[in-house]
Amino acid sequence: MSDEQAYEAVKATLKAERIQPFKRDELEAVRSVEGCINCGLCIGHCPVVRAVGVERFSGPRSIAVELSRSPPEFWTTSDKVYLCTGCGTCREVCPRKVNIPAVVNMIRTRIFAQRPDLVPKALLDEHDVIVKHSLAFEPWADQEEKSESRKVRLETLGLPSVPDRVVPGADVLFYPGCQAEERAQEVKEAAKYILSYFGINYTLLDQMSCCGLPSKLIGDDETARLLAGRLQDKVKSLGVKKIVTTCAGCTSNLCDISARDGWGIPVYHLVEFLAEEIGFNKVSRPFKGRGRFTPAKVTIHDPCHIIRHTSRQIAEHARAILNLIPGVTIEESGMSDSCCGGGGMVGYHSRDVADAVVTENVAAISSTEADTVVTPCPLCTAQIESNLFRAGSQTVVEDLTVFFARRLPQKR
Ligand code: SF4
Ligand code: SF4
């Protein structure tokens, strides 16, 4: 048999067995699995295993190392693989750096493509929303109601309204993400205010379009890549030099796709942009020599998509920025970098698991007796807020962008 014939025979076998060959950008993660030395560290540190036990979630090693060989094994993971929050703790502690979150996404991709009957129904419903609207949420049906809701929120928070702007040729694209566009509108508004305050020449998209992270987590790689390509076209046509976001998930996903698809444009979380691009000198200036500030005791939650998927330094920037605000004291909970359970689309179909994961965080936050929890992510904000509320806590949860914008002194 010639090489060509052998190649064709292998292709035919793969097709007959419904085996989807690995994509080039998946190979590194697949190969990392071979490095596993079965030390078990990943299991001991996985927040889902800790919260619900190995009977419900067999754990990172079992999913990635034992069950990621071929389609029949993929199918048997289907009641487990959707319970991973994608926090990245397993990869961080693994001495061989086995990329378990990437393997989890790879398995989900194959299940979605070949056995959609095994995908949780809530994720299929979410898939329909994304395909229909290019957004992770149903958009407001009535734009006037959306605007009224925004107005009420801004008044409650004491934040000014800054008109939306689309400016071709601007230096920076501010990309709020689906959550801040359709749900936590105050985060988008606060970021616009901060960028305007420091004189940044920024633009929004003419129409918000999802970055593709939810589709990737559902396993719908095709839509994820389609959305990434659509966003790339919009970014190129605007001609921006930098992208700034306020969502932890958007930050890590946009960093990944910008590198993967050669956008050549750096992506920053706003916290990082304030620290590294605007600079602490300029950011601290408005607070100098200004009257009295209301004391605030805060504790911080560090989103997984920032500290484990983008850069731990952003967490340091967040603390440094909060320390610039007179009256603010930070009380560390000791659990700030523990997953809140809000990732991986787990809450869409297994709310009990997502909420079990955040239980330890809630206890640690309560023990600080802080007035406010701040976190640089609207999704973590929502997950922690609803669980603190259920626990009867009086602690307020605020997105760091909103917290900072509300304390910026009015310009004289
Ligand atoms: S990414 Fe997080 S939730 Fe998923 S297996 Fe690893 S440690 Fe567990
Ligand atoms: S921590 Fe890494 S090497 Fe150890 S069992 Fe888990 S995947 Fe294998």
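## Basis

Residues are numbered from 1 along each chain as its sequence is written, while chains are lettered from A and ligands numbered from 1 in the order in which they are written. In this predicted model, local features need pLDDT of at least 70 and side-chain atom pairs count only at pLDDT 80 or more, whereas totals for chains, interfaces and linings use all residues.

## Ligand 1

Around ligand 1 stand 13 residues, the closest being Cys-46, Pro-60, Cys-84, Cys-87 and Cys-90 (a residue is near if its C-beta atom, placed from the backbone, lies within 6 Å). The shell has 9 nonpolar, 4 polar and no charged residues (Ala, Val, Leu, Ile, Met, Phe, Trp, Tyr, Cys and Pro count as nonpolar, Asp, Glu, Lys and Arg as charged, the others, Gly among them, as polar). At least two residues each come from α4 (47-52), α7 (89-93) and α8 (100-114) (helices are DSSP runs of H or I, at least four residues, and strands of E, at least two, numbered from the N terminus).

## Ligand 2

Ligand 2 has 14 residues around it, and Cys-36, Cys-39, Cys-42, Cys-94 and Val-98 come nearest. This shell divides into 10 nonpolar, 2 polar and 2 charged residues. Its largest share, 3 residues, comes from α5.

## The sheet

Four strands form an open sheet in the order β2-β1-β3-β4, with parallel pairing (two strands pair if DSSP finds at least two bridges between them). β2 (202-203) and β4 (267-269) are at the edges with a single partner strand each, so one side of each has no neighbour in the sheet. Strand β3 (residues 242-245) is joined to β4 by 3 bridges, and Ile-243 stands opposite Val-267 in β4.
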